[in-house]
Amino acid sequence: MASSSHHSGGHRRHHRSKWSKLKHYLKKPNVVASIAAIVLCIVIVVVVILSGSRTPSASGDTASAADGTGISGGIILQPPDDPVSLVSDAVAVCRKGSNVNSDVNLDLQPYERDQHRLDQGAPVTIGFGLSDGVDAVGSPIVAVSKNADFSDKTEYRLGQYERSCDIYNLEPGTHYYYAVTCMLQDGSELCETGEFTTAQSTRLLKIDGAENIRDIGGLITYDGSTVKYGMLYRGSELDGAGDSRYDVSSEGIGEFLSLTGVKTDMDLRNPADLTFKKDILGDGVAHRYYSATSYGAIFDDKATVRKIFADLADPSSYPVYMHCTYGRDRTGTVCYLLEALLGVTEEYRSYDYKLSALIPYNYDYGMIGVVDEGLRLLYEGGSSQQRAEQFLLSCGVKQTELDSIRAILLEG
(Lines give C-alpha, C1' and ligand atoms only; values in the text may rest on other atoms or scores of the structure.)
Protein backbone atom coordinates (compact mmCIF):
# COMPACT_ATOMS: atom_id res chain seq x y z
CA MET A 1 0.00 0.00 0.00
CA ALA A 2 2.87 2.32 0.88
CA SER A 3 4.39 1.76 -2.52
CA SER A 4 1.11 2.65 -4.26
CA SER A 5 0.66 5.84 -2.25
CA HIS A 6 4.21 6.90 -2.95
CA HIS A 7 3.68 6.37 -6.72
CA SER A 8 0.46 8.50 -6.74
CA GLY A 9 2.12 11.28 -4.81
CA GLY A 10 4.97 11.29 -7.29
CA HIS A 11 2.52 11.98 -10.12
CA ARG A 12 0.97 14.89 -8.26
CA ARG A 13 4.38 16.38 -7.55
CA HIS A 14 5.28 15.91 -11.22
CA HIS A 15 2.08 17.74 -12.43
CA ARG A 16 2.60 20.56 -9.93
CA SER A 17 6.16 20.91 -11.16
CA LYS A 18 4.93 21.27 -14.83
CA TRP A 19 2.30 23.87 -13.88
CA SER A 20 4.87 25.84 -11.88
CA LYS A 21 7.21 25.85 -14.87
CA LEU A 22 4.36 26.98 -17.22
CA LYS A 23 3.39 29.86 -14.92
CA HIS A 24 7.01 30.87 -14.66
CA TYR A 25 7.31 30.76 -18.48
CA LEU A 26 4.16 32.86 -19.03
CA LYS A 27 5.48 35.58 -16.75
CA LYS A 28 8.14 36.40 -19.31
CA PRO A 29 7.08 39.68 -21.16
CA ASN A 30 8.13 38.58 -24.66
CA VAL A 31 6.03 35.40 -24.42
CA VAL A 32 2.85 37.28 -23.42
CA ALA A 33 3.35 39.81 -26.22
CA SER A 34 3.73 37.03 -28.80
CA ILE A 35 0.51 35.32 -27.70
CA ALA A 36 -1.37 38.63 -27.70
CA ALA A 37 -0.16 39.37 -31.22
CA ILE A 38 -1.36 35.98 -32.46
CA VAL A 39 -4.81 36.50 -30.91
CA LEU A 40 -5.06 40.00 -32.43
CA CYS A 41 -4.21 38.67 -35.89
CA ILE A 42 -6.93 36.03 -35.62
CA VAL A 43 -9.49 38.68 -34.59
CA ILE A 44 -8.53 40.94 -37.52
CA VAL A 45 -8.87 38.11 -40.04
CA VAL A 46 -12.34 37.21 -38.73
CA VAL A 47 -13.50 40.86 -38.87
CA VAL A 48 -12.27 41.31 -42.46
CA ILE A 49 -14.04 38.13 -43.60
CA LEU A 50 -17.31 39.16 -41.97
CA SER A 51 -17.23 42.75 -43.26
CA GLY A 52 -16.28 41.71 -46.78
CA SER A 53 -19.65 40.07 -47.37
CA ARG A 54 -21.56 43.34 -47.06
CA THR A 55 -22.93 45.43 -49.91
CA PRO A 56 -22.32 49.15 -50.69
CA SER A 57 -24.35 51.40 -48.41
CA ALA A 58 -24.83 55.13 -48.10
CA SER A 59 -25.52 54.86 -44.35
CA GLY A 60 -22.00 53.85 -43.35
CA ASP A 61 -23.10 50.91 -41.16
CA THR A 62 -22.08 48.40 -43.81
CA ALA A 63 -18.89 48.20 -45.81
CA SER A 64 -18.78 49.98 -49.15
CA ALA A 65 -17.52 47.96 -52.08
CA ALA A 66 -15.91 51.17 -53.32
CA ASP A 67 -13.39 51.01 -50.45
CA GLY A 68 -12.14 47.59 -51.48
CA THR A 69 -13.68 45.57 -48.65
CA GLY A 70 -16.38 43.85 -50.72
CA ILE A 71 -15.83 40.18 -51.50
CA SER A 72 -14.85 39.93 -55.15
CA GLY A 73 -13.29 37.41 -57.48
CA GLY A 74 -16.54 35.66 -58.39
CA ILE A 75 -17.96 38.53 -60.49
CA ILE A 76 -16.27 39.35 -63.79
CA LEU A 77 -17.16 42.89 -64.90
CA GLN A 78 -17.60 43.81 -68.54
CA PRO A 79 -17.05 47.56 -68.23
CA PRO A 80 -18.48 50.10 -70.71
CA ASP A 81 -16.24 52.22 -72.90
CA ASP A 82 -14.55 55.10 -71.13
CA PRO A 83 -15.67 57.69 -71.95
CA VAL A 84 -18.99 56.14 -72.91
CA SER A 85 -21.26 57.84 -75.45
CA LEU A 86 -24.81 58.76 -74.40
CA VAL A 87 -26.11 59.28 -77.94
CA SER A 88 -26.73 57.00 -80.90
CA ASP A 89 -25.00 57.19 -84.26
CA ALA A 90 -28.15 58.86 -85.60
CA VAL A 91 -27.40 61.93 -83.50
CA ALA A 92 -23.97 62.21 -85.10
CA VAL A 93 -25.62 61.90 -88.52
CA CYS A 94 -28.00 64.71 -87.60
CA ARG A 95 -25.04 66.87 -86.52
CA LYS A 96 -23.68 66.54 -90.07
CA GLY A 97 -27.00 67.70 -91.51
CA SER A 98 -28.04 64.40 -93.08
CA ASN A 99 -31.68 63.36 -93.08
CA VAL A 100 -31.91 60.67 -90.43
CA ASN A 101 -35.50 59.91 -91.46
CA SER A 102 -34.54 58.74 -94.92
CA ASP A 103 -34.52 55.07 -93.91
CA VAL A 104 -37.47 55.18 -91.54
CA ASN A 105 -40.99 54.17 -92.53
CA LEU A 106 -43.04 57.28 -91.80
CA ASP A 107 -46.38 55.44 -91.81
CA LEU A 108 -45.70 53.48 -88.64
CA GLN A 109 -48.50 52.09 -86.54
CA PRO A 110 -48.36 53.09 -82.85
CA TYR A 111 -47.18 49.66 -81.73
CA GLU A 112 -44.26 49.86 -84.21
CA ARG A 113 -42.99 53.22 -83.07
CA ASP A 114 -40.71 52.01 -80.31
CA GLN A 115 -38.71 50.01 -82.85
CA HIS A 116 -37.64 53.23 -84.51
CA ARG A 117 -36.90 55.43 -81.50
CA LEU A 118 -33.93 57.62 -82.40
CA ASP A 119 -34.91 60.55 -80.18
CA GLN A 120 -33.84 58.84 -76.95
CA GLY A 121 -30.34 58.75 -75.53
CA ALA A 122 -28.22 55.64 -75.85
CA PRO A 123 -27.96 53.58 -72.67
CA VAL A 124 -24.85 52.76 -70.70
CA THR A 125 -24.71 48.96 -70.55
CA ILE A 126 -23.17 47.42 -67.46
CA GLY A 127 -22.49 43.74 -68.04
CA PHE A 128 -20.90 41.03 -65.92
CA GLY A 129 -20.32 37.31 -65.69
CA LEU A 130 -19.67 34.82 -62.89
CA SER A 131 -16.58 32.69 -62.38
CA ASP A 132 -16.79 28.93 -62.82
CA GLY A 133 -18.29 27.29 -59.79
CA VAL A 134 -20.08 30.42 -58.56
CA ASP A 135 -23.79 29.71 -58.18
CA ALA A 136 -25.70 32.96 -57.59
CA VAL A 137 -29.32 32.97 -56.47
CA GLY A 138 -32.00 35.65 -56.40
CA SER A 139 -31.80 38.94 -58.28
CA PRO A 140 -28.45 40.60 -58.99
CA ILE A 141 -28.41 44.32 -58.14
CA VAL A 142 -26.59 47.04 -60.06
CA ALA A 143 -26.04 50.29 -58.13
CA VAL A 144 -24.91 53.49 -59.87
CA SER A 145 -23.77 56.69 -58.15
CA LYS A 146 -21.91 59.92 -58.81
CA ASN A 147 -20.22 59.52 -55.42
CA ALA A 148 -17.61 56.94 -54.43
CA ASP A 149 -19.48 56.24 -51.19
CA PHE A 150 -22.70 55.48 -53.14
CA SER A 151 -24.56 58.10 -51.09
CA ASP A 152 -26.82 59.01 -54.04
CA LYS A 153 -27.03 55.57 -55.59
CA THR A 154 -29.79 54.36 -57.87
CA GLU A 155 -30.38 50.61 -57.82
CA TYR A 156 -31.52 48.36 -60.67
CA ARG A 157 -32.74 44.87 -59.75
CA LEU A 158 -32.19 42.29 -62.50
CA GLY A 159 -33.80 38.93 -63.15
CA GLN A 160 -31.97 35.96 -61.62
CA TYR A 161 -30.28 34.99 -64.89
CA GLU A 162 -29.80 38.47 -66.34
CA ARG A 163 -26.19 39.55 -66.67
CA SER A 164 -26.46 43.08 -68.04
CA CYS A 165 -28.31 46.29 -67.28
CA ASP A 166 -29.12 49.22 -69.63
CA ILE A 167 -29.07 52.54 -67.80
CA TYR A 168 -30.62 55.63 -69.44
CA ASN A 169 -30.74 59.34 -68.67
CA LEU A 170 -27.26 59.73 -67.21
CA GLU A 171 -25.58 63.14 -67.30
CA PRO A 172 -22.95 63.96 -69.96
CA GLY A 173 -19.37 64.66 -68.93
CA THR A 174 -19.83 63.00 -65.52
CA HIS A 175 -17.82 60.39 -63.61
CA TYR A 176 -19.87 57.49 -62.23
CA TYR A 177 -19.23 54.60 -59.84
CA TYR A 178 -21.11 51.31 -60.07
CA ALA A 179 -21.37 48.11 -58.06
CA VAL A 180 -22.69 44.67 -59.00
CA THR A 181 -23.92 42.54 -56.09
CA CYS A 182 -24.97 38.88 -56.25
CA MET A 183 -26.36 36.66 -53.49
CA LEU A 184 -24.92 33.15 -53.04
CA GLN A 185 -26.70 30.02 -51.85
CA ASP A 186 -25.09 30.18 -48.39
CA GLY A 187 -26.51 33.68 -47.82
CA SER A 188 -23.25 35.55 -48.39
CA GLU A 189 -22.83 38.15 -51.13
CA LEU A 190 -20.35 38.84 -53.89
CA CYS A 191 -19.76 42.48 -54.80
CA GLU A 192 -17.52 44.02 -57.46
CA THR A 193 -17.18 47.71 -58.31
CA GLY A 194 -16.12 49.75 -61.32
CA GLU A 195 -16.07 53.28 -62.69
CA PHE A 196 -16.77 55.04 -65.99
CA THR A 197 -17.06 58.56 -67.38
CA THR A 198 -19.75 59.75 -69.79
CA ALA A 199 -18.71 61.75 -72.85
CA GLN A 200 -19.77 65.35 -73.40
CA SER A 201 -22.84 65.34 -75.65
CA THR A 202 -26.45 66.35 -76.06
CA ARG A 203 -28.57 64.86 -73.27
CA LEU A 204 -31.57 63.08 -74.77
CA LEU A 205 -34.02 61.77 -72.17
CA LYS A 206 -35.97 58.51 -72.29
CA ILE A 207 -39.42 58.97 -70.75
CA ASP A 208 -42.00 56.33 -71.65
CA GLY A 209 -44.90 57.88 -73.54
CA ALA A 210 -43.11 61.11 -74.48
CA GLU A 211 -40.89 61.99 -77.43
CA ASN A 212 -38.14 64.34 -78.48
CA ILE A 213 -37.13 65.37 -74.94
CA ARG A 214 -33.68 66.87 -74.53
CA ASP A 215 -31.65 69.31 -72.48
CA ILE A 216 -30.36 72.28 -74.47
CA GLY A 217 -27.27 72.30 -72.25
CA GLY A 218 -23.87 71.77 -73.84
CA LEU A 219 -24.44 74.01 -76.89
CA ILE A 220 -21.37 76.13 -77.69
CA THR A 221 -21.38 79.90 -78.32
CA TYR A 222 -19.18 81.98 -80.62
CA ASP A 223 -17.14 83.27 -77.66
CA GLY A 224 -16.52 79.78 -76.27
CA SER A 225 -19.16 79.83 -73.53
CA THR A 226 -21.48 76.85 -72.99
CA VAL A 227 -25.20 76.63 -72.31
CA LYS A 228 -25.70 75.15 -68.82
CA TYR A 229 -27.09 71.67 -68.42
CA GLY A 230 -30.18 71.13 -66.29
CA MET A 231 -31.79 74.53 -66.89
CA LEU A 232 -34.05 74.25 -69.94
CA TYR A 233 -35.55 71.05 -71.33
CA ARG A 234 -37.57 70.91 -74.54
CA GLY A 235 -39.84 68.22 -75.95
CA SER A 236 -43.31 66.93 -76.68
CA GLU A 237 -46.44 67.33 -74.63
CA LEU A 238 -46.85 64.97 -71.70
CA ASP A 239 -50.62 64.98 -71.23
CA GLY A 240 -51.92 63.71 -74.58
CA ALA A 241 -54.21 66.74 -74.91
CA GLY A 242 -53.10 67.47 -78.47
CA ASP A 243 -52.14 63.94 -79.53
CA SER A 244 -53.44 61.03 -77.48
CA ARG A 245 -50.25 59.03 -78.06
CA TYR A 246 -48.41 61.30 -75.62
CA ASP A 247 -50.30 60.48 -72.44
CA VAL A 248 -47.45 59.78 -70.03
CA SER A 249 -48.16 57.49 -67.08
CA SER A 250 -47.92 58.70 -63.48
CA GLU A 251 -44.72 56.63 -63.15
CA GLY A 252 -43.27 58.38 -66.20
CA ILE A 253 -44.20 61.79 -64.80
CA GLY A 254 -42.53 60.89 -61.51
CA GLU A 255 -39.38 59.84 -63.36
CA PHE A 256 -39.41 63.04 -65.44
CA LEU A 257 -39.72 65.27 -62.37
CA SER A 258 -37.04 63.33 -60.52
CA LEU A 259 -34.63 63.67 -63.44
CA THR A 260 -35.24 67.32 -64.26
CA GLY A 261 -36.56 69.04 -61.13
CA VAL A 262 -38.71 71.21 -63.42
CA LYS A 263 -40.40 74.21 -61.76
CA THR A 264 -42.15 75.76 -64.78
CA ASP A 265 -44.12 74.15 -67.62
CA MET A 266 -43.81 76.62 -70.51
CA ASP A 267 -46.64 75.34 -72.73
CA LEU A 268 -46.54 76.86 -76.22
CA ARG A 269 -49.84 75.23 -77.27
CA ASN A 270 -53.11 77.11 -77.75
CA PRO A 271 -55.57 75.93 -75.05
CA ALA A 272 -58.43 76.27 -77.54
CA ASP A 273 -56.88 73.51 -79.69
CA LEU A 274 -56.64 70.96 -76.90
CA THR A 275 -59.18 68.23 -76.20
CA PHE A 276 -58.81 68.91 -72.46
CA LYS A 277 -56.59 70.85 -70.08
CA LYS A 278 -54.77 69.45 -67.08
CA ASP A 279 -51.60 70.26 -65.18
CA ILE A 280 -50.08 66.81 -65.47
CA LEU A 281 -46.87 67.82 -63.68
CA GLY A 282 -48.79 68.58 -60.51
CA ASP A 283 -49.34 71.55 -58.22
CA GLY A 284 -45.63 71.94 -57.54
CA VAL A 285 -44.98 73.08 -61.13
CA ALA A 286 -46.23 76.40 -62.55
CA HIS A 287 -48.13 75.79 -65.81
CA ARG A 288 -48.21 78.70 -68.28
CA TYR A 289 -49.85 78.75 -71.71
CA TYR A 290 -48.49 81.01 -74.47
CA SER A 291 -50.38 80.16 -77.71
CA ALA A 292 -47.17 80.62 -79.67
CA THR A 293 -46.67 80.59 -83.42
CA SER A 294 -43.75 79.21 -85.43
CA TYR A 295 -41.28 80.09 -88.17
CA GLY A 296 -42.06 83.31 -90.09
CA ALA A 297 -45.29 83.93 -88.14
CA ILE A 298 -43.24 84.59 -85.00
CA PHE A 299 -42.31 88.05 -86.31
CA ASP A 300 -45.98 89.07 -86.23
CA ASP A 301 -46.60 87.69 -82.74
CA LYS A 302 -44.55 90.12 -80.67
CA ALA A 303 -46.81 90.14 -77.60
CA THR A 304 -46.39 86.39 -77.17
CA VAL A 305 -42.64 86.62 -77.73
CA ARG A 306 -42.38 89.33 -75.07
CA LYS A 307 -44.27 87.19 -72.56
CA ILE A 308 -42.12 84.10 -73.20
CA PHE A 309 -38.79 85.91 -72.87
CA ALA A 310 -39.88 87.91 -69.84
CA ASP A 311 -40.58 84.61 -68.09
CA LEU A 312 -37.25 83.19 -69.26
CA ALA A 313 -35.56 86.18 -67.57
CA ASP A 314 -36.93 85.16 -64.16
CA PRO A 315 -34.40 82.96 -62.28
CA SER A 316 -37.20 81.47 -60.17
CA SER A 317 -38.71 79.87 -63.30
CA TYR A 318 -35.91 77.34 -63.65
CA PRO A 319 -35.53 74.51 -64.41
CA VAL A 320 -37.99 74.97 -67.31
CA TYR A 321 -39.76 72.46 -69.55
CA MET A 322 -40.70 74.10 -72.87
CA HIS A 323 -42.94 72.21 -75.25
CA CYS A 324 -45.73 72.33 -77.81
CA THR A 325 -47.34 69.11 -79.08
CA TYR A 326 -44.36 67.46 -80.74
CA GLY A 327 -41.57 69.73 -79.52
CA ARG A 328 -40.63 70.47 -83.09
CA ASP A 329 -42.06 73.58 -84.77
CA ARG A 330 -43.22 76.10 -82.15
CA THR A 331 -40.67 74.83 -79.64
CA GLY A 332 -38.00 74.69 -82.33
CA THR A 333 -38.63 78.30 -83.35
CA VAL A 334 -38.55 79.74 -79.82
CA CYS A 335 -35.46 77.74 -78.87
CA TYR A 336 -33.72 78.85 -82.06
CA LEU A 337 -34.35 82.50 -81.15
CA LEU A 338 -33.23 81.89 -77.58
CA GLU A 339 -30.03 80.20 -78.72
CA ALA A 340 -29.33 83.05 -81.16
CA LEU A 341 -29.69 85.51 -78.27
CA LEU A 342 -27.21 83.44 -76.23
CA GLY A 343 -24.69 83.58 -79.07
CA VAL A 344 -24.85 79.85 -79.88
CA THR A 345 -23.07 79.18 -83.14
CA GLU A 346 -25.09 78.62 -86.29
CA GLU A 347 -23.81 75.04 -86.45
CA TYR A 348 -25.09 74.21 -82.96
CA ARG A 349 -28.39 76.09 -83.39
CA SER A 350 -29.13 74.12 -86.55
CA TYR A 351 -28.05 70.90 -84.88
CA ASP A 352 -30.41 71.40 -81.94
CA TYR A 353 -33.29 72.19 -84.29
CA LYS A 354 -32.58 69.19 -86.53
CA LEU A 355 -32.51 66.75 -83.62
CA SER A 356 -36.31 66.82 -83.75
CA ALA A 357 -35.99 64.86 -86.99
CA LEU A 358 -35.09 61.86 -84.85
CA ILE A 359 -38.79 61.14 -84.32
CA PRO A 360 -40.42 59.18 -87.19
CA TYR A 361 -42.39 61.97 -88.89
CA ASN A 362 -42.01 63.95 -92.07
CA TYR A 363 -39.71 66.82 -91.27
CA ASP A 364 -38.44 69.74 -93.32
CA TYR A 365 -34.89 70.66 -92.35
CA GLY A 366 -35.09 73.91 -94.26
CA MET A 367 -37.94 75.55 -92.36
CA ILE A 368 -35.77 77.05 -89.64
CA GLY A 369 -33.97 79.00 -92.33
CA VAL A 370 -37.08 81.19 -92.49
CA VAL A 371 -36.23 82.53 -89.03
CA ASP A 372 -32.66 83.33 -90.00
CA GLU A 373 -33.85 85.04 -93.18
CA GLY A 374 -36.42 87.11 -91.27
CA LEU A 375 -33.79 88.29 -88.78
CA ARG A 376 -31.43 89.29 -91.61
CA LEU A 377 -34.08 91.14 -93.59
CA LEU A 378 -35.88 92.89 -90.73
CA TYR A 379 -33.23 93.68 -88.12
CA GLU A 380 -29.81 95.26 -88.16
CA GLY A 381 -26.66 93.80 -86.70
CA GLY A 382 -23.45 92.15 -87.74
CA SER A 383 -24.27 88.83 -86.08
CA SER A 384 -27.28 86.61 -85.51
CA GLN A 385 -27.00 87.41 -81.79
CA GLN A 386 -27.26 91.15 -82.42
CA ARG A 387 -30.20 90.70 -84.81
CA ALA A 388 -32.03 88.42 -82.36
CA GLU A 389 -31.50 91.00 -79.63
CA GLN A 390 -32.91 93.78 -81.81
CA PHE A 391 -35.99 91.69 -82.60
CA LEU A 392 -36.62 90.90 -78.93
CA LEU A 393 -36.20 94.54 -77.94
CA SER A 394 -38.75 95.47 -80.61
CA CYS A 395 -41.15 92.99 -78.95
CA GLY A 396 -40.90 94.91 -75.68
CA VAL A 397 -38.43 92.62 -73.91
CA LYS A 398 -36.20 94.80 -71.70
CA GLN A 399 -32.42 94.91 -72.04
CA THR A 400 -32.11 93.92 -68.39
CA GLU A 401 -34.24 90.85 -69.13
CA LEU A 402 -32.02 89.86 -72.05
CA ASP A 403 -28.94 90.22 -69.84
CA SER A 404 -30.63 88.14 -67.14
CA ILE A 405 -31.36 85.31 -69.61
CA ARG A 406 -27.70 85.18 -70.63
CA ALA A 407 -26.54 85.24 -67.01
CA ILE A 408 -28.92 82.39 -66.11
CA LEU A 409 -28.17 80.08 -69.02
CA LEU A 410 -24.49 80.60 -69.89
CA GLU A 411 -21.31 79.48 -68.18
CA GLY A 412 -17.62 79.69 -69.00
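# Exercises on helix packing and a mixed sheet

In this predicted model, Leu338, Leu341 and Leu342 of helix H6 meet Leu402, Ile405, Arg406 and Leu409 of helix H10.

**Exercise 1.** Determine how the residues of the contact of H6 with H10 divide by class, and state how the two helices are oriented to each other.

*Solution.* Step one is the class count: the contact of H6 with H10 comprises six nonpolar residues, no polar residue and one charged residue. Step two is the geometry, for which H6 spans residues 330-342 and H10 spans residues 399-409, the two packing at an angle of about 90° with their axes 10 Å apart. Step three applies the cut-off, under which angles of 65 to 115 degrees count as roughly perpendicular; H6 and H10 are therefore roughly perpendicular to each other.

**Exercise 2.** Describe the crossing of H9 with H10, giving its angle, its handedness and the residues that make the contact.

*Solution.* Helix H9, residues 384-394, has an axis that comes within 10 Å of that of H10, and the two cross at roughly 135°, so that H9 and H10 are oblique to each other. The crossing in which H9 passes H10 is right-handed. On the H9 side the contact is formed by Gln385, Glu389, Leu392 and Leu393, and on the H10 side by Gln399, Leu402 and Arg406. Sorted by class, these are three nonpolar, two polar and two charged residues.

**Exercise 3.** Work out the order of the six strands in the open sheet, and find which strands lie at its edges and which helix packs on it, touching E11, E12, E13 and E14.

*Solution.* The order is E8-E9-E11-E14-E12-E13, and the pairing is mixed. The edges are strand E8 (203-204) and strand E13 (286-289), each of which pairs on one side only. The helix that touches E11, E12 (264-267), E13 and E14 (320-323) is H5, residues 302-312, whose direction makes about 165° with that of E12. Helix H6 lies across E11 and E14 and runs at about 150° to E11.

Key. Residues numbered from 1 in each chain as written. Predicted model: local features only at pLDDT ≥ 70, side-chain atom pairs only at ≥ 80, totals over all residues. Heavy atoms only, no water. Axes fitted to C-alpha atoms, helices over the stretch in contact; angles between N-to-C directions. Helix = DSSP H or I, 4+ residues; strand = E, 2+ residues; numbered from the N terminus. Parallel < 35°, antiparallel > 145°, perpendicular 65-115°, else oblique. Contact = heavy atoms within 4.5 Å. Nonpolar A, V, L, I, M, F, W, Y, C, P; charged D, E, K, R; others polar. Left-handed = near helix turned anticlockwise from the far one by under 90°. Pairing = 2+ DSSP bridges.
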